[in-house]
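Here is a friendly briefing to read alongside the model. Please take a look at the fold before going through the points below.

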Amino acid sequence: MKKILIIFLTVITLLAIAWYAIVYYVPYSEGTRAGELIKFSHKGVVFKTWEGEISQGISGAQIFSFSVLDEEAEVITKLQEYQGQYVKLSYIERFGTFSFWGDTTYFITDVTLEQSPHFNRN
């Protein structure tokens with residue numbers, strides 16, 4: 001009975017480690033999105049995470065929600081500085097997330113300030 005319990009716990013532990021490794025190291029997709037940075041905040045009760053939103057449409061109908069890992073200090077600083085401006089975000093989409101990472105599966109890796117296409121019409 002003891003041997004079965006040890007095997008069971010070992011299998012469960014290995015599955016948990018494999019799931020964490022897949023979620024962390026294997027990106028589902030990578031890409032960029034652009035829009036007006038309308039929200040960026042540090043929120044949470046137990047785990048504080050960085051969460052934000054960009055508006056990708058004129059009326060705000062298309063909202064892209066994202067998270068930023070704490071280790072991305074330069075990205076966090078830029079997002080705080082660029083609040084309310086048009087930005088281009090580079091992201092990695094993961095298969096899943098953990099509560100201590102963020103609310104979304106989209107994690108920002110870089111941010112650049114861009115010219116809004118809505119104000120460049122000639």
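The protein's secondary structure amounts to two helices and five strands, where helices (H or I, at least four residues) and strands (E, at least two) are DSSP runs numbered from the N terminus. Their order from the N terminus is α-β-β-β-α-β-β. The radius of gyration, taken over C-alpha atoms, is 19 Å, well over the 14 Å that the globule rule (2.2 Å times the number of residues to the power 0.38) gives for 122 residues, so the protein is more spread out than a compact globule.

**How to read the model**
- This is a predicted model, with local features needing pLDDT of at least 70 and side-chain atom pairs counting only at pLDDT 80 or more, while totals for chains, interfaces and linings use all residues.
- Residues are numbered from 1 along each chain as its sequence is written, and side-chain values use heavy atoms, leaving out hydrogens and water.

**Overall dimensions and burial**
- Along the principal axes, the C-alpha atoms fill a box of roughly 75 × 30 × 25 Å.
- Buried residues (under 20% relative accessible area, 1.4 Å probe, protein chains only) make up 30% of the 122.

**Strand pairing**
- Strands β1 (residues 27-43) and β2 run antiparallel and are joined by seven bridges; two strands pair if DSSP finds at least two bridges between them.
- F40 stands opposite G52 in β2.
- Five residues separate β1 and β2 in their hairpin, and G44 in the turn has a positive phi of about 130°.
- Strand β2 (residues 49-55) is mostly covered, with six of its seven residues buried.
- β2 also pairs with strand β3 (residues 63-68), antiparallel over six bridges, and W50 has V68 in β3 as its bridge partner.

Key:
Buried < 20%, exposed > 50% of the residue type's maximum accessible area, 1.4 Å probe, protein only.
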